[in-house]
Amino acid sequence: MHWYVDVLKKYAVFSGRARRQEYWMFFLFNLIITIVLAIVDAALDTQVLQLVYGLAVLIPGLAVAVRRLHDTGRSGWWILISLIPLVGFIILLVFLASEGKSEANEYGPNPKYAPAV
């Protein structure tokens with residue numbers, strides 16, 4: 001759960017790098033929470049909870065995706081490739097799933113080998 005909370009602590013931090021594990025664990029927890037809220041919303045015959053939650057995690061989700069792209073040595077602007085129908089989403093998915101650069105890059109040191117604070 002700390003992966004999810006750590007991303008929320010860096011609410012609008014678009015600088016630096018994020019490991020694959022940080023991004024995908026945030027994605028997993030987001031998916032689980034969204035499914036639970038969808039069930040609750042269906043029981044209440046509303047969509048308010050999903051809407052509020054979606055708006056609350058929009059900025060942290062974008063920020064961790066940009067930091068993930070930084071880890072692979074790409075600019076955060078590559079997130080816009082997802083606007084290309086079908087192909088753009090697949091390319092972005094490959095970028096987000098690929099391993100980060102082992103050496104330090106212009107976005108900072110490798111977070112995988114950074115000493116724990």
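Tutor: Before we start: contact here means heavy atoms within 4.5 Å. Also keep in mind that this is a predicted model.

Student: Got it. Which residues does R68 touch, not counting those up to four places away in sequence?

Tutor: With those sequence neighbours set aside, R68 touches A18, R19, R20, Y23, L96, S98, E99 and G100.

Student: And where does R68 sit, in which helix?

Tutor: R68 belongs to helix α4, which spans residues 58-71.

Student: Is R68 buried or exposed?

Tutor: Buried: its relative accessibility is 0%, and the cut-off for buried is under 20%.

Student: What does the side chain of R68 reach?

Tutor: The backbone oxygen of S98, at 2.2 Å. S98 is also among the residues that R68 touches.

Student: Switching to α5. Which of its residues are buried?

Tutor: Helix α5 runs over residues 87-97, and G88, L92, F95 and L96 are buried there. Those residues cover an arc of only 95° around the axis, so they lie on the same side of α5.

Student: Why would residues three or four places apart point the same way?

Tutor: Because an α-helix has 3.6 residues a turn.

Student: Nice. What covers the buried residues of α5?

Tutor: The cover includes α2 (20-44) and α4.

Student: New topic: which residues make the nonpolar surface patch?

Tutor: I84, L86, V87, F89, I90, L93 and V94 make that patch, with an area of about 680 Å².

Student: How about I90, what is its relative accessible area?

Tutor: I90, found in helix α5, has a relative accessible area of 45%, so I90 counts as partly exposed.

Terms used. Residues are numbered from 1 along each chain as its sequence is written. This is a predicted model: local features need pLDDT of at least 70, side-chain atom pairs count only at pLDDT 80 or more; totals for chains, interfaces and linings use all residues. Side-chain values use heavy atoms; hydrogens and water are left out. Helices (H or I, at least four residues) and strands (E, at least two) are DSSP runs, numbered from the N terminus. Buried means under 20% relative accessible area, exposed over 50%, partly exposed in between (1.4 Å probe, protein chains only). A polar contact is a pair of N or O atoms within 3.5 Å; within protein, one must be able to donate a hydrogen and the other to accept it, and residues adjacent in sequence count only if both atoms are side-chain atoms. The arc is that of the directions from the helix axis to the C-beta atoms. Patches are made of residues with over 30% relative accessible area and no salt bridge: like charges are joined within 9 Å, nonpolar side chains (Val, Leu, Ile, Met, Phe, Trp, Tyr) within 5 Å. Accessible areas come from the Shrake-Rupley method with a 1.4 Å probe; for residues, only the protein chains shown count as cover. A salt bridge is a side-chain nitrogen of Lys or Arg within 4 Å of a carboxyl oxygen of Asp or Glu.
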